[in-house]
Amino acid sequence: MLSSTAKNLYWMGRYLQRAKSTARLIEATQRMALQSRGEEAAGVAAIFGMEDEFRQRQQQSSGRLASLIDFLVIDENNPSSLVSSIGAARRNAREERNNITVDVWESLNGLWLELSERLRGNRALLDRGALIESVKKQAVMIFGAAQVTLLRDEAYNFLQLGAFLERADNTARILDIKFHALRPDGNPHAQELDYFAWSEVLACIGAVRTYRRIYRSALDPMKVAELMMLRRDVPRSVHHCLWMVDLSMRELAEAYGSRGEADRLAGELHARLRYTRIDQVFDMGLNKFLGGVRGDIATLSDEIGRQFLLD
Amino acid sequence: MSISRDAHDPSVGEDADTSPASLGRKSLCFVGPSIAYIVIRQGVKCRMAAKAFDEMNSGAADSVRAPYRAVANWLAQTSPEKVAATRHEVDVFYRRHGITFGAYGAVDGAETTIPFDIIPRVIAWDEWEHLHKGLVQRVRALNAFLADAYGEREICRAGVIPEQQVLMNAEFVAMAQGLDLPGGVHAHIAGIDLVRVGEKDFYVLEDNVRTPSGVSYVLENREVMMRLAPELFSAMRVLPVADYTEELLATLRSVSFSDDAAPNVVLLTPGHYNSAYFEHAFLADEMGIELVKGSDLFVDEGRVYMRTPRGPQRVDVIYRRVDDGFLDPLAMRPDSFLGVAGLLGALRAGRVNIVNALGNGVADDKSTYTYVPEMVRFYLGEEPILNNVPTWRCDRADDFKYVLERLPELVVKEIHGSGGKGMLVGPTSSKAEIEEFTTLLKARPDNYIAQPTLALSTCPTFVGQGVAPRHVDLRPFVLSGRKTTIIPGGLTRVALKEGSLVVNSSQGGGTKDTWVLAPGAAGA
């Protein structure tokens with residue numbers, strides 16, 4: 001397998017996962033805005049690290065949330081918008097037509113065609129909700145197609161690496177910023193609880209019902225943080241994602257018969273999420289802990305590029 | 001994707017002798033937009049030729065020809081609604097599969113599918129047998145010529161082809177001289193464009209021995225037909241084509257310099273902006289080999305390697321779909337980003353083979369074309385089985401004079417032109433267009449050849465108003481390695497516009513599945 005193939009699959013996984021996370025986040029944000037205040041927009045922009053861009057746009061247009069949503073959904077100049085992410089994932093896939101199955105290609109290409117079709121019409125009449133719903137649903141189908149049809153070889157592991165690193169980072173980022181917005185002092189126990197706000201945090205990773213199943217208790221910010229970070233059985237938790245990253249790294253190391261800095265870092269990150277207790281996290285400060293994890297995820301991504309000649 | 005480098009030239013001739021002396025004596029002209037042709041012979045009164053040969057309906061007394069009986073029945077029994085539904089299904093299938101072509105210069109993302117017509121083009125076994133023999137012979141001669149042109153040039157010394165035809169040719173690659181290629185093969189994959197004008201009359205329109213494309217459509221069209229018209233398929237005994245990629249891989253492996261039992265073969269593509277990228281990915285996938293871009297390869301100590309997460313891996317054979325000029329920035333165009341620095345050095349050192357070979361353009365440009373029948377006689381000592389279309393070379397004074405006089409009847413093509421550009425189709429051109437072209441011609445007569453307008457055969461084709469005859473051609477793919485292989489049939493291209501003779505996909509042409517019937521099958 002070529003290094004360029006590994007690179008394309010890695011980025012296909014990242015972009016596809018980014019689109020999926022973004023779609024879910026926008027939905028949760030919209031629901032939140034409907035149920036309570038409309039001040040969520042800036043917070044969402046922060047999750048994408050786009051406060052400045054958002055502020056610029058805000059000055060140009062009247063509808064705040066609507067403007068943000070267009071920025072996140074259909075703005076082709078925003079490299080992280082849904083449309084841009086799906087376009088990028090499809091470009092990566094198209095270059096690797098011969099390294100993915102027809103099922104994976106067809107489902108991804110089908111989504112891209114559908115988005116292009118929707119965008120061709122009058123933008124004012126565009127049903128944003130339906131578009132977001134489509135991305136969410138079909139991204140699941142694309143990953144599903146990958147799961148059931150792809151040969152378990154190097155290529156598969158690079159796709160997994162991209163998807164799970166992106167997902168780990170997305171969840172960590174959402175938790176970091178939302179928690180800070182709701183509890184600026186970092187104390188999980190202070191003040192009365194805004195039930196809707198905390199359930200929307202869970203909704204960002206689609207885990208409201210999961211929370212009920214696991215804890216069978218009222219919403220508690222500390223448990224929300226635990227679920228999103230440390231639970232190995234929650235498929236979008238940071239721990240679960242880094243576990244998967246570590247697994248893919250081990251498979252690659254076995255196939256290539258060599259290990260490097262990326263392997264060490266992946267193992268260390270996995271172990272950190274696996275053996276840290278939630279009270280230790282809060283003793284240290286959630287913000288600091290998550291900052292460290294996100295910094296190391298970025299370093300790991302760089303090391304993967306270096307180790308496998310992806311750059 | 002532009003399947004061919006060139007457009008179609010319709011022409012008819014009873015005599016395929018292309019010697020200059022015979023050319024002046026006859027011509028064919030095209031009257032009006034309908035399909036009717038008059039053959040004028042010197043000293044002989046005019047006669048109306050029959051309308052274009054229709055491969056389904058031109059049997060004796062306008063009956064259905066035997067190979068097409070099942071198709072005719074199927075057409076009669078299938079309702080228009082069913083047909084419309086099926087055609088829609090085809091379009092969706094091709095789009096979802098991403099079988100698209102984007103012409104160069106189109107906006108990124110502007111991808112179009114090539115129209116596919118669901119009525120198959122049928123060729124009887126005995127017809128195919130004849131074509132097969134002719135194709136093998138022609139490609140053997142072309143390969144012998146290429147080895148000679150880059151070797152001793154005996155054919156020039158014997159006075160059969162002028163040396164300047166080879167050495168002064170813009171496609172001649174000096175660096176390819178004196179190479180001893182495995183099996184002596186230069187044109188490993190050849191696409192020979194054939195046209196039919198009568199029950200037994202086939203002509204070679206042009207040879208494509210650089211990087212002929214279109215074979216992926218042959219394979220995909222077959223898949224589509226088996227899915228959409230199983231009833232028709234099972235009513236006939238159609239020879240399979242699915243083993244093409246197997247044969248292609250065997251051919252590529254057989255021409256490695258190394259005696260490694262499993263040489264590493266890769267397919268080099270210019271990348272996904274190329275109009276034929278779908279085909280590159282498709283073939284690599286089917287063969288299970290790496291699809292590489294120039295940036296995936298590098299040369300070290302005279303060997304070619306590809307970059308992989310495991311480290312560098314040696315490459316033995318490169319099936320390149322990149323043009324000569326872009327292959328190696330050190331040896332050819334220095335501004336090329338598509339190639340690999342040092343690649344030609346590795347080739348000359350016998351460390352990697354490049355397929356098709358460098359400089360094949362000297363064998364397939366439109367002026368060399370006129371010499372191919374002579375090549376067959378010179379190298380093989382045989383008479384050509386397949387004939388050329390009569391061709392006038394504008395660099396010859398007599399021919400040029402004749403061409404200028406008869407421009408409204410002729411098709412004039414640029415020698416190195418491709419994709420239907422740089423050509424004049426006399427009968428369908430306005431006076432102003434002809435005058436404009438005359439200026440071009442007079443400025444550089446040596447840059448052009450002319451051919452009569454041929455009445456290309458037609459096949460029933462679905463058009464807006466139902467089924468109507470449309471002109472077709474055929475591109476069989478000939479594989480030459482340690483042995484020669486041709487999958488039955490090839491790519492049938494169809495001109496979808498009424499009366500149009502241009503079948504290039506970049507000019508509104510479509511494709512059909514080509515069915516060669518098994519020996520002894522109905523009508524064969």
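Q: Which residue in β8(B) is the bridge partner of B:Leu267?
A: This is a predicted model, in which local features need pLDDT of at least 70 and side-chain atom pairs count only at pLDDT 80 or more, while totals for chains, interfaces and linings use all residues. Residues are numbered from 1 along each chain as its sequence is written, and chains are lettered from A and ligands numbered from 1 in the order in which they are written. Strand β7 (residues 265-268) of chain B runs parallel to β8(B) and is joined to β8(B) by three bridges; strands (E, at least two residues) and helices (H or I, at least four) are DSSP runs numbered from the N terminus. In β8(B), the bridge partner of B:Leu267 is B:Leu291.

Q: Which residue in β12(B) is the bridge partner of B:Leu267?
A: Strands count as paired if DSSP finds at least two bridges between them. β7(B) and β12(B) pair in the parallel sense over four bridges. In that pairing, B:Leu267 has as its partner B:Tyr319.

Q: In what order do the four strands of the open sheet in chain B stand?
A: The pairing in this sheet is parallel, and the twist from one strand to the next averages 30°. The edge strands, each pairing on one side only, are β8 and β13 (353-355) of chain B. The order in chain B is β8-β7-β12-β13.

Q: Are the four residues of β7(B) buried or exposed?
A: A residue is buried if 20 or more other C-beta atoms, placed from the backbone, lie within 10 Å of its own, exposed if 12 or fewer do, and partly exposed in between. In a regular strand the side chains alternate between the two faces of the sheet. B:Val265 and B:Leu267 lie on one side of β7(B) and B:Val266 and B:Leu268 on the other. Both faces are covered, and the four residues are all buried.

Q: What angle does the direction of α10(B) make with that of β8(B)?
A: Angles run from 0 to 180 degrees between N-to-C directions, and axes are lines fitted to C-alpha atoms, for helices over the stretch in contact. Helix α9 (residues 244-254) of chain B lies across β7, β12 (317-320) and β13 of chain B, at about 110° to β7(B). α10(B) packs on the sheet and touches β7 and β8 of chain B. Its direction and that of β8(B) make an angle of about 150°.

Q: How many residues lie in the hairpin that joins β21(B) to β22(B)?
A: β21(B) pairs with strand β22 (residues 484-486) of chain B in the antiparallel sense over three bridges. Within this pairing B:Ser480 stands opposite B:Thr484. The number of residues through which the hairpin joins the two strands is three.

Q: Which residue of β21(B) stands opposite B:Gly191?
A: Strand β5 (residues 189-196) of chain B runs antiparallel to β21(B), with three bridges joining them. In β21 (residues 477-480) of chain B, B:Phe477 and B:Leu479 point one way and B:Val478 and B:Ser480 the other way, and all are buried. Opposite B:Gly191 stands B:Phe477.

Q: Why do α8(A) and α11(A) count as roughly antiparallel?
A: The axes of helix α8 (residues 154-182) of chain A and helix α11 (residues 221-229) of chain A come within 10 Å. Angles under 35 degrees count as roughly parallel, over 145 as roughly antiparallel, 65 to 115 as roughly perpendicular and the rest as oblique. α8(A) is therefore roughly antiparallel to α11(A), as the two axes cross at roughly 165°.

Q: Which residues of α11(A) make the contact with α8(A)?
A: Two residues are in contact if their C-beta atoms, placed from the backbone, lie within 7 Å. By class, the contact of α8(A) with α11(A) has five nonpolar, one polar and no charged residues; Ala, Val, Leu, Ile, Met, Phe, Trp, Tyr, Cys and Pro count as nonpolar, Asp, Glu, Lys and Arg as charged, and the others, Gly among them, as polar. From α8(A) come A:Thr171, A:Leu175 and A:Phe179, and from α11(A) come A:Ala225, A:Met228 and A:Met229.

Q: How many charged residues has the side of chain B that touches chain A?
A: The contact takes 18 residues from chain A and 19 residues from chain B. On the side of chain B, α3 (80-97), α10 (277-287) and β8 (290-292) each supply at least two residues. By class, that side has six nonpolar and five polar residues, and its charged residues number eight.
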